[in-house]
Every structure is written in structure tokens, then in C-alpha cells.
Amino acid sequence: MTDPGFVHRWQPGRSHRTLLLLHGTGGDENDLLPVAELLDPLANVLSPRGKVLENGAPRFFRRLAAGVFDLDDLRFRTAELADFVADMSVRNNFDAGLVTAVGFSNGANIAAAMLLLRPESLSSAILFRAMVPLEPEPLPDLPGKGVFLSAGRTDTMIPAAQTERLASLLRDCGADVVLHWSPGGHSLALPDITAAREWLRRRVRTDPA
Ligand code: MLT
């Protein structure tokens with residue numbers, strides 16, 4: 001078989017649902033495995049490692065400075081990641097129409113870019129500490145896509161206005177967006193995961209694959 005293109009973890013589950021785990025800057029494919037177990041223990045798990053290195057720290061796309069993204073690279077990496085997910089769905093025989101991205105920080109940003117640039121690759125997304133990655137023209141149509149955005153009230157990296165802008169951008173595209181505010185900062189904490197799990201359970205109940 002050809003090289004899948006990303007260092008990754010694949011864990012087959014006991015449902016048709018797949019969680020695509022996308023770590024933050026400096027993380028790897030193992031970081032969010034415990035989060036996946038809490039969110040949906042029956043789901044398949046696909047967890048790639050970002051290929052861009054920033055001073056040795058893996059990321060999913062290049063940035064020029066904190067919060068300033070290299071948009072050409074972001075577009076390229078988003079397409080590459082969406083192609084990887086499609087390829088893995090064939091290799092591992094999972095339903096490409098039932099993929100939920102679970103991203104943290106840089107991983108949440110590329111997940112948001114996937115929704116905006118390659119919407120067919122995700123059915124829903126849980127975005128922990130996301131920013132607006134880019135604003136494509138024209139905007140995609142995202143009816144039926146569920147997005148759970150979890151932001152930190154005291155996050156010093158992401159101003160509240162950024163989070164609100166992302167929520168309204170996705171709503172303008174027709175996505176069903178829930179914006180959840182956690183009391184903490186940029187780090188992912190248990191209240192984020194608990195709220196995301198409840199949101200995901202409600203979605204799974206309406207679509208019990
Ligand atoms: C990004 O570069 O995607 C954001 O600044 C978040 C991060 O630091 O990873």
C-alpha cells in the first residue's frame with residue numbers, strides 16, 4: 001500500500017462514526033486520544049500528526065506570527081488533510097459522511113478551514129479554542145453541519161470577538177453552531193469536554209449510526 005501521507009493513529013470502533021482528532025501546536029497524534037474516549041467511546045478514531053514543524057513543534061499549517069496565518073499554506077494543508085481523510089475512509093472502510101473533527105487550538109483552526117474549504121470532508125466539528133482561519137469567497141453552504149465551539153472566557157490568545165466572528169461566519173454559511181464559554185483560559189479543561197460530549201450525544205441521538 002502507498003504511504004498514507006500522515007503519521008497517524010487509527011483505532012477501529014464499534015459504530016459507523018469517526019472522530020478526526022487534530023492536536024494543537026507542539027502536540028501529536030496521541031494527545032487527544034483520551035478526549036475521544038470521553039466524547040464517544042464507540043467511535044472510530046483517526047488521529048494524524050501535523051506535518052509542519054515550527055521550531056520542532058508539529059502544527060497543521062504554517063503561521064507568520066502568533067495568530068497570523070500563511071493562507072497559501074493553510075489552503076494547501078487543508079486540501080491535503082481532507083484528501084487524507086477521504087483516502088483513509090476507503091482504506092479503513094469507514095463512512096466518510098459521518099466524520100466529526102475534534103480540534104484543539106491549531107487543530108481547531110484547520111478543522112474550521114476544512115468546513116469552509118472542503119465541507120464534504122466533515123459532518124460536524126468540535127472546535128476547542130478556535131480562531132477564524134480564513135474567510136473564503138464565496139462562502140460554502142453548510143446546512144446540516146453541526147459545530148460546537150468551546151472558548152475560554154480568560155483566553156489571552158483568542159479575543160472573544162474572534163470566537164464570536166467565527167460563530168457568526170459559520171452561521172452565515174447555514175451551519176448549526178453552539179457557542180459554549182468555559183470559565184478557563186486557552187487550555188482544554190474537563191468542563192469543555194463534558195459540554196462537548198452532551199452536544200455530541202444529542203446529535204448522535206438524532207443520527208444514530
Ligand atoms: C494557530 O497558530 O493556529 C493559533 O495561533 C493557535 C496556536 O497557537 O496553535
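Are F61 and F69 buried or exposed? F61 is buried, as is F69 (buried is under 20% relative accessible area, exposed over 50%, partly exposed in between, with a 1.4 Å probe and protein chains only).

1. This is a predicted model, in which local features need pLDDT of at least 70 and side-chain atom pairs count only at pLDDT 80 or more, while totals for chains, interfaces and linings use all residues. Residues are numbered from 1 along each chain as its sequence is written, and side-chain values use heavy atoms, with hydrogens and water left out.

2. The protein has 5 helices and 11 strands (DSSP runs numbered from the N terminus: H or I of at least four residues for helices, E of at least two for strands). Its radius of gyration is 15 Å, close to the 17 Å that the globule rule gives for 209 residues, so the protein is as compact as a globular protein of that length (taken over C-alpha atoms; the rule is 2.2 Å times the number of residues to the power 0.38).

3. Of the 209 residues, 52% are buried. Among contacts with a separation of 6 or more, 71% are between residues 24 or more positions apart (contact means heavy atoms within 4.5 Å).

4. There are 4 aromatic pairs (rings of Phe, Tyr and Trp, the last by its six-membered ring, with centres within 6.5 Å; planes under 30 degrees apart are stacked, over 60 edge-to-face, the rest tilted). One of them, F6 and F84, is tilted, at 4.8 Å centre to centre and 50 degrees between the planes. F6 lies in the segment before β1 (8-11) and F84 in helix α2 (residues 71-91), 78 residues apart. Both are buried.

5. F61 and F69 form an edge-to-face pair, with 5.0 Å between centres and 90 degrees between the planes.
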